[in-house]
Amino acid sequence: MGGTKILAAVINSKEGIIARVKKPTPAGAKPGALIKALAEVVNQIITEAGLKLKNIKAVSLGIPGSLNPFTGRVGLAPNLGLKNFFIKDQLEKLVNIPVLIENDVNLGALGIKEFGVGKNKKNMLVVFVGTGIGGALIFDGKIYRGSSFTAGEIGHIVIDKNGLKCGCGNYGCFETVASRLAIVRNIKLDIKAKKKTIITKISGKNKPIKSKAIAAAVKANDKVVVKRVSDACEVIGTTLASLTNLLNVDEVVLGGGLIEALGNFMTLKIRTAFNQNLLAETAKAVKLVQSKLGDDAALYGGIVLAEEFLGLKV
Ligand SMILES: [Zn+2]
């Protein structure tokens, strides 16, 4: 579930996705209403798949925020308006199926590890570049959650102490420099400085600049947009190299809305900066690749989560 949409699927490891439902997240809803909307989605998709409640082993829920998957408590999920909320217990009461929760980026990483480009990899760093920048770590084939379940917050590594203020309160975080929002902010500075760009024409005057519009402008070789995206890629590649020098992973996986929209244009530029900043021995072990699963990564991650927590094969 995200701030704007709830994406649900009935899924197992043999057949893959059997049915899927996409619904808008009720805007500004209280936690109770949010739970109700989730329960409705669960019931709807079971019916649409032609299944019964007893066919379903678990509901795995990906949440954008900090949470404890063992207690089922969400610490903070600002986009959903959830704070200190025991979402697992509340939803279980309504759906009568075991509910499991995991941070959405971790869930995506689990899906990539078992069903995507991370198959048969041991140590991975997964990075999603979109509105912000999210990260997840897999060590020895298992998700690394950290001491208080916040590991992987790559977007809040400070890379420019004199930079802009981030949503987290610090200054110059990675995502204030290289996310889609950062790129858009820089493009707008260029527009203000009267530099020539077709981006306003593509996305519409006074409309938000989305990943697709950025991709279209790059395709048309728009100098302003190409430059701003390239600058972000350089920062992303350098930062990921530094982290790889620290972690010595065998795979770095790129995903997220912006990467999906721009594909090779970004991946190749990121890879160049990445390779330039790796230590020689570290470089031998690692590959930087793009995820092919898109939003489905988190759906597949649900299988892995159920297997971890319930000890069963799905
Ligand atoms: Zn931050």
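**Entry 1: Isoleucine 157**

I began with isoleucine 157, which has 16 C-beta neighbours inside 10 Å and so counts as partly exposed. A reminder to myself before going further: this is a predicted model. I found isoleucine 157 in the loop between β10 and α4. Leaving out residues up to four places away in sequence, I see isoleucine 157 touching Cys173, Phe174 and Thr239. I also checked isoleucine 157 against leucine 107: they are 50 residues apart in sequence and 21 Å apart in space, C-alpha to C-alpha.

**Entry 2: Domains**

Next I asked how the chain is divided. Domain 1 takes residues 5-103 + 295-310, and domain 2 takes 117-290. Taken over C-alpha atoms, the centres of domain 1 and domain 2 lie 27 Å apart.

**Entry 3: α3 against α12**

At what angle do α3 and α12 pack? I read about 80° between helix α3 (residues 104-115) and helix α12 (residues 296-310), with 6 Å between their axes. Angles of 65 to 115 degrees count as roughly perpendicular, so α3 is roughly perpendicular to α12. On the α3 side, the contact is made by Asp104, Leu107, Gly108, Leu110, Gly111, Ile112, Glu114 and Phe115. On the α12 side I listed Ala297, Ala298, Leu299, Tyr300, Gly301, Gly302, Val304 and Leu305. By type, the residues of this contact divide into 10 nonpolar, four polar and two charged.

**Entry 4: Helix α5**

I then turned to helix α5 (residues 180-192), which has 13 residues. From its first C-alpha to its last, α5 reaches 18 Å, close to the 18 Å expected at 1.5 Å a residue. Which residues of α5 are buried? I noted Arg180, Ala182, Ile183, Val184 and Ile187. The cover over the buried residues of α5 includes α4 (174-178), α6 (199-203), α7 (211-219), α8 (223-247) and α9 (257-262). After α5 comes lysine 194, with a positive phi near 65°.

**Entry 5: Helix α10**

Helix α10 (residues 264-276) got the length check too. Its 13 residues should span 18 Å at 1.5 Å a residue, and its end C-alpha atoms are 18 Å apart, which agrees. In α10 I marked Met266, Lys269, Ile270, Arg271 and Phe274 as buried. The buried residues of α10 pack against α8, β11 (251-255), α9 and β12 (287-290). A note for reading such lists: an α-helix has 3.6 residues a turn, so residues three or four places apart point the same way.

**Entry 6: Positive phi in loops**

I looked up asparagine 120, which is not a glycine but has a positive phi of about 65°. Asparagine 120 sits in the loop between α3 and β8 (124-129). Is asparagine 120 buried or exposed? It has 9 other C-beta atoms within 10 Å, so asparagine 120 is exposed.

Aspartate 140 also went into the notebook, with a positive phi near 50° in a residue other than glycine. I placed aspartate 140 in the loop between β9 (133-139) and β10 (142-143). Aspartate 140 counts as exposed because it has 7 C-beta neighbours inside 10 Å.

**Entry 7: Lysine 219**

My last stop was lysine 219, in helix α7. With 12 other C-beta atoms within 10 Å, lysine 219 is exposed, since the cut-off for exposed is 12 or fewer. Lysine 219 and phenylalanine 265 are 46 residues apart in sequence, and I read 9.1 Å between their C-alpha atoms.

Conventions: Residues are numbered from 1 along each chain as its sequence is written. This is a predicted model: local features need pLDDT of at least 70, side-chain atom pairs count only at pLDDT 80 or more; totals for chains, interfaces and linings use all residues. Domain bounds come from an automatic or database domain assignment. Axes are lines fitted to C-alpha atoms, for helices over the stretch in contact, and angles run from 0 to 180 degrees between N-to-C directions. Helices (H or I, at least four residues) and strands (E, at least two) are DSSP runs, numbered from the N terminus. Angles under 35 degrees count as roughly parallel, over 145 as roughly antiparallel, 65 to 115 as roughly perpendicular and the rest as oblique. Two residues are in contact if their C-beta atoms, placed from the backbone, lie within 7 Å. Ala, Val, Leu, Ile, Met, Phe, Trp, Tyr, Cys and Pro count as nonpolar, Asp, Glu, Lys and Arg as charged, and the others, Gly among them, as polar. The expected span of a helix is 1.5 Å times one less than its number of residues. A residue is buried if 20 or more other C-beta atoms lie within 10 Å of its own, exposed if 12 or fewer, and partly exposed in between; C-beta atoms are placed from the backbone.
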